[in-house]
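Visitor: I am new to this structure. Please show me how to read a few of its features, one residue at a time.

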Amino acid sequence: MVVLGKGQLAIRVAEWFRANEDWELMRVVPVMPEPEWTDSFAAWAAGNGVPRVQSGNYADLDAPEGRVADLGFSVFYDRILPAEFLAGFGRILNLHNAPLPRYRGVSPINWALKNGERSHGVTIHEIGPGIDDGPIVSQATYSIYPERDEVADVLARGLAFGWALFEQTMPILDRIEATPQDESLATYYGAGDDERLGERRDFTRALSRC
């Protein structure tokens, strides 16, 4: 299997696969350049002897005869994966920091706080040709407090819930039937919308005003 992504949650997911005798962690694909605000996935791979794609480009994964791996798992990977790449996996999943089908796209936590939501969530879903629109495997929701919470607060909460969801999902993955998303409930924000976030653009409202 292959893990793509960035940060401490990608590291924990990759470590889980590395330690699990039912899986062989063949390679990781870190987001490059890596963000400075989180732990280095590339450094973790180098320190643990796990092969990595140094470019961070999914297209540089070895795919003999078009086959990449039985399973792919994306944790905040920052590129859209095309259909021809997805076809190289038996199955490929993504962990998204939002309660899909709501808050597809980028900056889901920022938008949830901007919109005054009282709850948010994390979702594991199958990756399809669209953006965050594949069938849902598992999901968890949790309370947020827009009058008090900063983006950094909710991100930390989301990482904790995301890890718990992953740990509880993987042992029964082969027994879960993924459920199509309800398109009537879908919302989406792209990178071009970020300018409308105002004081919710950054990790804290103080930083956004700088």
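Visitor: Is I80 buried or exposed?

Guide: Exposed means over 50% relative accessible area. I80 has 58% relative accessibility, so I80 counts as exposed. Keep in mind that this is a predicted model.

Visitor: Where does I80 lie?

Guide: I80 is in the loop between β3 and α3.

Visitor: What about L81, buried or exposed?

Guide: Buried means under 20% relative accessible area. L81 has a value of 7%, so L81 is buried. L81 also sits in the loop between β3 (69–75) and α3 (83–86).

Visitor: Which residues is L81 in contact with, leaving aside neighbours within four places in sequence?

Guide: With those neighbours set aside, L81 is in contact with Y58, L86, I92 and I127.

Visitor: How many residues apart in sequence are L81 and L4?

Guide: L81 and L4 are 77 residues apart in sequence, and their C-alpha atoms are 11 Å apart in space.

Visitor: Now a helix. Where is T169 found?

Guide: T169 belongs to helix α5, which covers residues 151–169.

Visitor: Why does T169 count as buried?

Guide: The cut-off for buried is under 20% relative accessible area. T169 counts as buried because its relative accessibility is 4%.

Visitor: Which residues does T169 touch, not counting those up to four places away in sequence?

Guide: On that count, T169 touches I124, V137, S138 and I176.

Key: Residues are numbered from 1 along each chain as its sequence is written. This is a predicted model: local features need pLDDT of at least 70, side-chain atom pairs count only at pLDDT 80 or more; totals for chains, interfaces and linings use all residues. Side-chain values use heavy atoms; hydrogens and water are left out. Helices (H or I, at least four residues) and strands (E, at least two) are DSSP runs, numbered from the N terminus. Buried means under 20% relative accessible area, exposed over 50%, partly exposed in between (1.4 Å probe, protein chains only). Contact means heavy atoms within 4.5 Å.
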